[in-house]
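Subject: Structure handover

Hello,

Here is the structure I said I would pass on. My notes follow below it.

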Amino acid sequence: MAKEKSIYTCNECGGTSPKWLGKCPHCNAWNTLIESVAGSDAPAKNRFASLAKTADVAVLADIEASDVERTPTGHEELDRVLGGGMVEGGVVLIGGDPGIGKSTLLLQALDSLQRQGKSTLYVTGEESGAQVALRSRRLGLDKSQVKVLAEIQLEKILATLTAHSPDVAVIDSIQTVYSEQLTSAPGSVAQVRECAAHLTRAAKSSGTAIVLVGHVTKDGALAGPRVLEHMVDTVLYFEGDTHSQFRLVRAIKNRFGAVNEMGVFAMTEKGLKGVSNPSAIFLSQHAEPVPGSCVMVTLEGTRPLLVEIQALVDSGGPSPRRLSVGLDKDRLAMLLAVLHRHAGVACMDQDVFVNAVGGVRISEPAADLAVMLSITSSLRGKPLPKGFIAFGEVGLAGEVRPAPRGQERLKEAAKLGFSVAVVPKANAPKKPIEGLTIHAVERVEEAMQVVRSLA
């Protein structure tokens, strides 16, 4: 089969060149030439023609809508992130740092699916079949019937998918796959885009659910073109410190479920195991309450999580520092200004350090009240009461705004044994929650007065 001729197109001006150049000869922009297949004057068959289905125009109201069927993977935390399980014809992209556990988790999931009677295929481009078998023995997956293919050529992978028609297939990784249609090396922008497009259309046409493993850059973003994330149905990010036993899998995009869902796993000798009560990870174990610590309830997708916010206020000198880990540092500076203006708590000459325990990142503004109370507690050297939680967004005018789904947050806190809560007035429940005393506040100064009365 003759290879199609390649040309290089500039991302800035659209100019073309027959070979790659560091600088575009048309607009003089650097590093903008991307390889693509040159169009032929002859009426050649398009590479995607066999995958394109013809469809008639239909009225939206006449189209039958039905819920998609899901196949549970046997791992509750992974199913939570996926929205309930694997979807027929769905394409999932999962990325994460090297060695964090992507291949381990997917091999465990394929083994669970195979034991449920599903046909599975594991395509490895980075390891040999013997290495995959060695990992399966180490994970305790005895007599696993998962089919393994060590291949990186796209055309052979597609032929294998057609011949075996598996229910679920894993491509590990998309950056190692190459197509004969292009002359560039595996992992280049053109190869990743071309191979992902073919695999996506193959999944849609055959009904095979495909999981693509993606590499990440040193900045933590998925390597390759951004269009890769647009092609697939679900994008998952593997997070966590490789030195810690806990791993977080977060859904960034999901056409079949909620986004920002989070699954929590613990790395053990037998692979990744789901953590049934992740709130325990994000709470420090203090025998007695300590200054500068406040627990809040945050939402990760549909799951309420209790996270401890720790603050340390220390004398800073002429140029005090403001440092936050797991929270937005710009928002911290804003909260310190509100704390000074509306609550009379000044930290102008103090270093302020704020940390979310357990390595979790909190992006929602509902953490504002807990951050302010922990800073005040550290500054005054007085701990908050035992079993105390707080959440709520704080505005520049000093008002405390409600957080979404406050009832679920309070019920989760009560279930885990917390007894005192300071929440926005709009989040106060109409019916009392057993075992939980709730103080509803409208402004920051009210919250400070409530805490002083409780201490």
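Which residues are exposed on the other side of H10? They are Gln449 and Ser453. Please keep in mind that the model is predicted. The buried residues of this helix are Val444, Ala447, Met448, Val450 and Val451. Viewed down the H10 axis, these buried residues fall within an arc of 160°, so they line one face of the helix.

Overall picture

The protein chain has 10 helices and 23 strands. Its C-alpha trace spans about 80 × 60 × 50 Å along the principal axes. There are 455 residues in the chain, and 48% of them count as buried. Taking contacts between residues at least 6 apart in sequence, 66% join residues at least 24 apart.

Helix pairs

Two packed helices are described by the angle between their axes and the distance between the axes. I looked at two pairs in this way.

H10 (residues 444-454) is paired with H7 (residues 329-343): their axes come within 9 Å and cross at roughly 80°. That angle makes H7 roughly perpendicular to H10. On the H7 side the contact involves Val338, Leu339, His342 and Ala343, and on the H10 side Val444, Glu445 and Met448. By class, five of the residues in the contact of H7 with H10 are nonpolar, one is polar and one is charged. Val444 and Met448, listed among the buried residues of H10, are also among the residues that meet H7.

The other pair is H4 (residues 154-164) and H5 (residues 189-206), which pack at an angle of about 10° with their axes 11 Å apart. H4 and H5 are therefore roughly parallel to each other. Here Leu154, Ile157, Leu158 and Leu161 of H4 meet Cys195, His198, Leu199 and Ala202 of H5. The contact of H4 with H5 has seven nonpolar residues, one polar and no charged.

Cysteines

How many disulfides does a search of the whole structure find? The search finds zero. Cysteine 10 is in no disulfide, and the nearest cysteine sulfur, that of cysteine 24, is 3.7 Å away. Cysteine 10 is buried, because its relative accessible area is 4% and the cut-off is under 20%. Cysteine 27 has a relative accessibility of 31% and so counts as partly exposed.

Two single residues

Threonine 104 sits in helix H2 (residues 102-115). Is threonine 104 buried or exposed? Its relative accessibility is 14%, so threonine 104 counts as buried. Neighbours within four places in sequence aside, threonine 104 is in contact with Arg135, Leu139, Gly271 and Leu272.

Lysine 143 lies in the loop between helix H3 (129-138) and strand S8 (147-150). Lysine 143 counts as exposed because its relative accessibility is 76%. From C-alpha to C-alpha, lysine 143 and glycine 117 are 14 Å apart in space, and they are 26 residues apart in sequence.

Regards

Key
Residues numbered from 1 in each chain as written. Predicted model: local features only at pLDDT ≥ 70, side-chain atom pairs only at ≥ 80, totals over all residues. Heavy atoms only, no water. Axes fitted to C-alpha atoms, helices over the stretch in contact; angles between N-to-C directions. Helix = DSSP H or I, 4+ residues; strand = E, 2+ residues; numbered from the N terminus. Parallel < 35°, antiparallel > 145°, perpendicular 65-115°, else oblique. Contact = heavy atoms within 4.5 Å. Nonpolar A, V, L, I, M, F, W, Y, C, P; charged D, E, K, R; others polar. Disulfide = S-S within 2.5 Å. Buried < 20%, exposed > 50% of the residue type's maximum accessible area, 1.4 Å probe, protein only. Arc of directions from axis to C-beta.
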